[in-house]
Amino acid sequence: MYNNAAIEHLLLETDAIYNWDYRVDNQVLRSLYEKGKRDQWNGSQDLDWSIPVDPENWETFPKTAVPIYGSDIWHKLNEKEQTNLSYEFTTWRISNFLHGEQGALLTTAQIVVAAPSMDAKFYGSTQVMDEGRHVEVFERYLREKVLRSYPINKDLKTLLDAILRDKRWDIKYLGMQIIIEGLALATIGLLRGIYHEPLLEKLLKYVMLDEARHVAFGVISIADFYKQLTEKERQEREDFAYEACVLMSERLLGQEVWERIGLPVNDCLNQMRTASLTVGFRQLLFSRVVPNLKRLGLLTDRIRSKYEKMGVLRFENDLNSEQELNN
Ligand SMILES: [Fe+2]
Ligand SMILES: [Fe+2]
């Protein structure tokens, strides 16, 4: 029996959409569905869970992974405190991956229910399986190897609630596949270059392969639909996407870690908001989001300056996920 204390109820009013025409309606999505089936993996068999993991080992979890590494605040900490801060950041990152994965699981199940395209329902069914597996492996890694955890970040939770509650099926793709998964894809890519712990490296590699498909699923599913939106409808999507990016940018400041570790929270947040290295790192995470927003027609003159202010407009001409898929 599940733990009742862990249950949270969110009231939804998403429409369920049947489609009685089973013929292929989007050949690209149908091919992606074939890839989704072909590239399934099994977290309990394909990962070696016997590998011992020490989150305090700076060779496998380098201190450079701590965003304030090298700052005045960092240098004031003794070695034990630095090690603990590094441990907490690892824990916080993986915990929010885990919670984000549960959000992806629920949202994608909704897409299967609410998307009108039969090929979207087909592909969505493989993504639901993928997300179940992602929740499984991150949860197991935290429980067996990290031995600490964090609750979900409040900004991530706010965005997940908004995506799940929204009646419009395309907003679920925009919030989840385009923004949250686009950010996750870039974050995992960067972390794979930093962490050298073999079990986590392999786990992230598998998850990343799935996430690349998921982001492409989002772009392909809504690209045509967005071409026929009215001006007002498109502006609503532009605003939703921008506000989601702001929320996700806030989430990356690591407030919960500073609070838990007992460092002066405002000083740390200030460091995160202003230090060029941390700002650059956060901006880089949007490199897998901005080209897709452009592909979807959501980087109009009306909204561009806001992304410019965030420092992420320079990614607009990078390959979008649909182009990557064809490469
Ligand atoms: Fe996932
Ligand atoms: Fe995903």
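Reader: Is H214 buried or exposed?

Author: Residues under 20% relative accessible area count as buried. The model here is predicted. H214 has a relative accessible area of 0%, so H214 is buried.

Reader: Which protein atoms are donors of the iron ion (ligand 2)?

Author: Start with the donor list and the distances. H214 gives ND1. E131, E181 and E211 each give OE. These donors lie 1.9 to 2.2 Å from the iron ion (ligand 2).

Reader: How do I read the arrangement of the 4 donor atoms around that iron ion (ligand 2)?

Author: Take the ideal first. Four tetrahedral donors would have angles of 109.5 degrees at the metal. Now this site. The 4 donor atoms around the iron ion (ligand 2) subtend angles of 90 to 171 degrees, so the arrangement is irregular. A tetrahedral call needs all angles between 85 and 135 degrees.

Reader: What is the spacing of these donor residues in sequence?

Author: For the iron ion (ligand 2), the pattern reads E-x49-E-x29-E-x2-H. E131 sits in helix α5 (residues 118–146) and H214 in helix α8 (residues 198–227), so this pair ties together parts 83 residues apart in sequence.

Reader: Which residues coordinate the iron ion (ligand 1)?

Author: E101 (OE), E131 (OE), H134 (ND1) and E211 (OE) do, at 2.0 to 2.2 Å. Check the angles again. They run from 84 to 141 degrees around the iron ion (ligand 1), so this arrangement is irregular. Along the chain, the donor spacing is E-x29-E-x2-H-x76-E. E101 in helix α4 (residues 79–114) and H134 in helix α5 are 33 residues apart, and the pair links distant parts of the chain.

Reader: Are E101 and H134 buried or exposed?

Author: Apply the cut-off again. E101 has a relative accessible area of 6%, so E101 is buried. H134 is at 0% and therefore counts as buried.

Reader: How do α7 and α8 pack?

Author: Two packed helices are described by the angle between their axes and the distance between the axes. Helix α7 (residues 169–194) packs on α8 at about 150 degrees, with the axes 8 Å apart. That angle makes α7 roughly antiparallel to α8, since angles over 145 degrees count as such. The crossing of α7 past α8 is left-handed. Their contact has 17 nonpolar, 6 polar and 6 charged residues.

Technical notes: Residues are numbered from 1 along each chain as its sequence is written. Chains are lettered from A and ligands numbered from 1 in the order in which they are written. This is a predicted model: local features need pLDDT of at least 70, side-chain atom pairs count only at pLDDT 80 or more; totals for chains, interfaces and linings use all residues. Side-chain values use heavy atoms; hydrogens and water are left out. Donors are N, O and S atoms within 2.8 Å of the metal (3.2 Å for Na, K and Ca); water is not among the atoms, so sites may look incomplete. Four donors count as tetrahedral if all angles lie between 85 and 135 degrees; four count as square planar and six as octahedral if opposite donors are over 155 degrees apart and all others between 65 and 115; anything else is irregular. Helices (H or I, at least four residues) and strands (E, at least two) are DSSP runs, numbered from the N terminus. Buried means under 20% relative accessible area, exposed over 50%, partly exposed in between (1.4 Å probe, protein chains only). Axes are lines fitted to C-alpha atoms, for helices over the stretch in contact, and angles run from 0 to 180 degrees between N-to-C directions. Angles under 35 degrees count as roughly parallel, over 145 as roughly antiparallel, 65 to 115 as roughly perpendicular and the rest as oblique. A crossing is left-handed if the near helix is turned anticlockwise from the far one by less than a right angle, and right-handed if clockwise. Ala, Val, Leu, Ile, Met, Phe, Trp, Tyr, Cys and Pro count as nonpolar, Asp, Glu, Lys and Arg as charged, and the others, Gly among them, as polar.
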